[in-house]
Number of protein chains: 2
Amino acid sequence: MFDGSVIRKLRKEKNLSLKELSSKSSVSIATVSQIERDNTDPAITTLYKLCKGLDVTIAELIGYDDNTDRVVKKRDRKTITLPDSKLKYQLLSSRMKRNLEMVLVELEPHQEDRKLVTHKGEECGYVLQGSLTIILDNEEIHLEEGDSISFNSTIPHRYVNPTDEKSMSVWAMTPPSF
Amino acid sequence: MFDGSVIRKLRKEKNLSLKELSSKSSVSIATVSQIERDNTDPAITTLYKLCKGLDVTIAELIGYDDNTDRVVKKRDRKTITLPDSKLKYQLLSSRMKRNLEMVLVELEPHQEDRKLVTHKGEECGYVLQGSLTIILDNEEIHLEEGDSISFNSTIPHRYVNPTDEKSMSVWAMTPPSF
DNA sequence: TATATTTTTTCACTTTACTAAAATAGGGAA
DNA sequence: TTCCCTATTTTAGTAAAGTGAAAAAATATA
């Protein structure tokens, strides 16, 4: 069951009356009231309309006010192990359901993944330390410290550290792939 | 109107029959079929159920856009100026149309933004250097170097550097807000 | 090709969402 | 305290979602 109280909370935060939200969203006053009090389970289209009136996305609406485990302290980071990868991944974002994920990726000197990976969504990476070579399909892209890159994650890709120094980079992905 | 063909597409990708998805999601075969062909506008709870059967989140279901890649070299970074902010922002992601954005945020000692901001989406931040205090609504969250945080960007927020040292953090946002 | 089985769609019914109008509740002014 | 106005909830009706069973279509097998 969808929690309608989030709608009321957002509405009040934006200082809107039921009448005003009804007008902005083209949903009747009575319906908004019923949804807010969990008297009804809205159709997705009705939710879209309410989101328009509230100026939020559905993902935001569903994830709003979920403040559990926002912070990941350095000492509490989870290390991710992937079956096909020897690289060190540390999750920076919390494990709760979200549309955005952040990880630290560490490669030892001359380390690489042999296997190309592909997954839904897109990602951005920023080189914190050392260098990093990204193989995107058959293209080899070399990044120095401070460089960054964005690409579509469905493009088969893998990481290579061709140097004698450790490489550290931070990556954001939407949707999450871990 | 919600586009039900996404459900069919995902179902076929996962090699599920209507009967199998119906079973995994506890939604009747007939309903799944009707939703897939846009004959009906599902309740949000029904969509939750379908997502469970398809093993995707609502955000994933509702979708995002793919696009092409681009590198931002350190020397080519764009600095972003915001009308209400004195903080230094540098864009790490390309300016191409995307659903994901990454920026470097730099605060001088004792620098802060006085104004709470709110915008659509969600964000993750990782403290690269120094410390950073995030004000989320009325909550004050203190992060040390190496700490990270995820939150919904519609929650009013602002950044504060309460220390004598410079603070550097990297932030990912979806959807982009710059 | 014929038959069997599975998958999907249609049908008719029950249940529930959404609505306009009426009723109730809350707040402010005189 | 009374009155007025606005905000919210309730009511009763219409429209639409969700269902199980039947029908139709698609696929597999001999």
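How many salt bridges does the rule count over all chains? The count comes to 11 salt bridges over all chains, a salt bridge being a side-chain nitrogen of Lys or Arg within 4 Å of a carboxyl oxygen of Asp or Glu. This is a predicted model, in which local features need pLDDT of at least 70 and side-chain atom pairs count only at pLDDT 80 or more, while totals for chains, interfaces and linings use all residues. Residues are numbered from 1 along each chain as its sequence is written, chains are lettered from A and ligands numbered from 1 in the order in which they are written, and side-chain values use heavy atoms, with hydrogens and water left out.

**Figure 1. The interface of chain A and chain B.** The contact (heavy atoms within 4.5 Å) takes 63 residues from chain A and 65 residues from chain B. The size of an interface is often given as the accessible area lost when the parts come together. Here the buried area is about 5,200 Å², and carbon and sulfur atoms give 57% of that area; buried area is the accessible area (1.4 Å probe) that two parts lose on being put together, summed over both. Across this interface the rule finds 15 residue pairs in polar contact, both residues being at pLDDT 80 or more. A polar contact is a pair of N or O atoms within 3.5 Å; within protein, one must be able to donate a hydrogen and the other to accept it, and residues adjacent in sequence count only if both atoms are side-chain atoms.

**Figure 2. The side of chain A that touches chain B.** Elements that each supply at least two residues to this side include α4 (44–54), β5 (122–129) and β10 (167–174) of chain A. Helices (H or I, at least four residues) and strands (E, at least two) are DSSP runs, numbered from the N terminus. The largest share, six residues, comes from β5(A). By residue class, this side of chain A divides into 33 nonpolar, 14 polar and 16 charged residues. Ala, Val, Leu, Ile, Met, Phe, Trp, Tyr, Cys and Pro count as nonpolar, Asp, Glu, Lys and Arg as charged, and the others, Gly among them, as polar.

**Figure 3. The salt bridge between the chains.** One salt bridge is counted between chain A and chain B. B:D147 forms this salt bridge with A:K73, the closest N and O atoms being 2.9 Å apart. B:D147 lies in the loop between β7 (139–143) and β8 of chain B, and A:K73 in the loop between β1 and β2 (78–80) of chain A. B:D147 is buried, with a relative accessible area of 3%, whereas A:K73 is partly exposed at 21%. Buried means under 20% relative accessible area, exposed over 50%, and partly exposed in between (1.4 Å probe, protein chains only).

**Figure 4. A salt-bridge network in chain A.** A:R8, A:R11 and A:E36 are linked in a network of salt bridges. The side chains of A:R11 and A:E36 meet at 2.6 Å, N to O. A:R11 lies in helix α1 (residues 5–13) and A:E36 in helix α3 (residues 29–36) of chain A, so the pair ties together parts that are 25 residues apart in sequence. A:R11 counts as buried at 6% relative accessibility, and A:E36 counts as buried at 4%.

**Figure 5. Helix α4 of chain A.** Eight of the 11 residues of α4(A) are buried, among them A:I44, A:L47 and A:C51. Just after α4(A), A:D55 takes a positive phi of about 60°.
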